Amino acid sequence: MTTRQRHIAHLHLHASLTEDQYDDIIELMSGVTPHVQAVPPNAVQLDLTSALRYFDLSPYDMVQLAKMRLKALYGIDSSAGLAGNRMLAAMAADASAPGDATWVPAGQVAEWLYPRPVTALPGIGRATAETLSRYGLHTIGQVIDLPAATLQRLLGAGPARLLAERARGHDPRPVVPSEPVAHLGADLVLERDCLDPVQHHRAVLGLADQIGQRLRGESQIAGRLTLAVRYADRSSTTRTRTLPEPTNHSPTLVTAALGLLTSLGLQRARVRAFALRADDLLPAGDAYRQLSLDPSDARARAAEAAADRARRRFGAEAVRPAALADRY
């Protein structure tokens with residue numbers, strides 16, 4: 001029995017979309033294939049494998065059909081990538097000029113990847129790129145040609161194995177039909193109007209830590225945070241920030257949330273309540289995490305996992321950030 005070859009399309013939409021517009025586009029693309037996944041903030045991925053026989057079109061013509069529907073019904077230009085898996089399709093779309101489409105057939109994957117810069121692979125951060133560059137590794141082909149043991153000495157066993165898989169174009173992730181846009185929130189109403197910046201800081205820190213715990217408990221990651229502040233006169237202010245990459249790691253969420261708080265410049269504002277919302281939720285196993293050469297990052301995540309286990313066993317108050325040791 002042979003496995004049917006997959007055909008995945010990645011469409012990058014050259015437009016700023018509201019959530020309603022994004023949902024409309026997902027519905028439109030479901031007329032091409034039922035296997036449509038949102039890639040926030042402005043892309044979609046389609047598994048065309050089962051749709052090819054229905055439409056009796058080539059994979060490339062199917063991509064053109066999807067692009068024409070976007071242009072005809074919404075006036076949206078798009079660049080597209082077509083390949084055998086999600087990662088390659090996204091890379092091909094990144095390599096396409098607006099309005100164009102790049103097809104990477106299964107038999108040409110190695111040839112297409114070989115000369116491309118190693119930074120084109122997902123998850124290659126600045127530190128990893130600088131380490132590879134110091135040893136003259138600038139292209140994906142140079143990484144492929146490097147002995148596995150050498151790459152492990154440069155990056156460590158885990159990051160080296162992951163980089164080698166990506167450099168060879170491997171990505172087993174399926175296209176998962178998108179659910180309605182979801183969000184997760186936490187709020188805190190203070191006992192009295194508060195002017196103290198230290199208490200404001202602690203309140204937002206606590207909400208961000210709570211959001212992180214809930215995201216990990218539900219195996220989700222968030223791509224965006226929104227902080228809303230309600231004042232004593234019942235007016236409110238809202239700030240939103242897109243995260244560098246989707247995450248459920250509490251320190252990253254705390255940093256982003258406190259950055260939002262700082263941007264508000266509250267100074268001596270009389271605050272009654274805070275609300276923090278995580279948007280652009282995705283399954284935790286469905287996103288790439290940037291490769292890191294910092295061992296403290298792995299230790300922090302291991303400690304976080306241990307703290308989550310302790311909370312599940314002994315209750316939510318069993319482990320808390322030091323800054324929250326005293327109650328509000």
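Val39 has Ala43, in strand 3, as its bridge partner. This pairing belongs to a predicted model, in which strand 2 (residues 36–39) and strand 3 (residues 43–47) run antiparallel to each other over four bridges.

Beyond its neighbours within four places in sequence, Asn42 makes contact with Leu11, His12, Leu13, Ala15 and Tyr22. One of these, His12, is 30 residues from Asn42 in sequence, yet the two C-alpha atoms are 6.3 Å apart.

## Aromatic pairs and a charge over a ring

Across the whole structure, two aromatic pairs are found. One consists of Tyr54 and Phe55, whose ring centres are 5.1 Å apart; the pair is edge-to-face because the planes stand at 80°. Tyr54 counts as exposed, at 69% relative accessibility, whereas Phe55 counts as partly exposed, at 23%.

Tyr60 and Trp103 make up a stacked aromatic pair, with 6.4 Å from centre to centre and 25° between the planes. Since Tyr60 belongs to helix 3 (residues 59–74) and Trp103 to strand 5 (residues 101–103), the pair ties together parts that are 43 residues apart in sequence. Tyr60 is partly exposed, with a relative accessibility of 32%, and Trp103 is partly exposed as well, with a value of 35%.

A further ring, that of Trp112, has Arg116 lying over its face, at 4.6 Å from the ring centre.

## Helix 4

Helix 4 spans residues 86–94 and is mostly covered, with eight of its nine residues buried. The buried residues are Arg86, Met87, Leu88, Ala89, Ala90, Met91, Ala92 and Ala93. At the start of helix 4, Asn85 places a side-chain oxygen within 3.2 Å of the backbone nitrogen of Met87.

## Arg216 in helix 10

Arg216 is part of helix 10, which covers residues 197–217. Is Arg216 buried or exposed? Its relative accessible area is 16%, so Arg216 is buried, the cut-off for this class being under 20%. A polar atom of the Arg216 side chain lies 2.9 Å from the backbone oxygen of Asn248.

## The nonpolar cores

In soluble globular proteins, nonpolar side chains tend to be buried together. In this model, the largest nonpolar core contains 32 residues. The residues with the most contacts inside this core are Ile211, Leu225, Leu227, Val229, Leu266, Val271 and Phe274. At least two core residues are supplied by each of strand 6 (184–194), helix 10, strand 7 (220–231), helix 11 (250–264) and strand 9 (271–279). Helix 11 provides the largest share, eight residues.

Apart from this core lies another, of 28 residues, which includes Ala89, Val109, Val143 and Leu155. Ala89 is also one of the buried residues of helix 4.

Within the largest core, Val271 is among the residues with the most contacts. Setting aside residues up to four places away in sequence, Val271 touches Leu190, Arg192, Asp193, Cys194, His200, Val229, Arg230, Tyr231 and Leu266. Two of these neighbours, Val229 and Leu266, are likewise listed with Val271 among the residues with the most contacts inside the core.

Notes
Residues numbered from 1 in each chain as written. Predicted model: local features only at pLDDT ≥ 70, side-chain atom pairs only at ≥ 80, totals over all residues. Heavy atoms only, no water. Buried < 20%, exposed > 50% of the residue type's maximum accessible area, 1.4 Å probe, protein only. Polar contact = N/O pair within 3.5 Å; in protein donor to acceptor, adjacent residues only side chain to side chain. Pairing = 2+ DSSP bridges. Phe/Tyr/Trp six-rings, centres within 6.5 Å; stacked < 30°, edge-to-face > 60°. Lys NZ or Arg CZ within 6 Å of the ring centre and 35° of its normal. Contact = heavy atoms within 4.5 Å. Core = buried A, V, L, I, M, F, W, Y, C linked by side-chain atoms within 4.5 Å.
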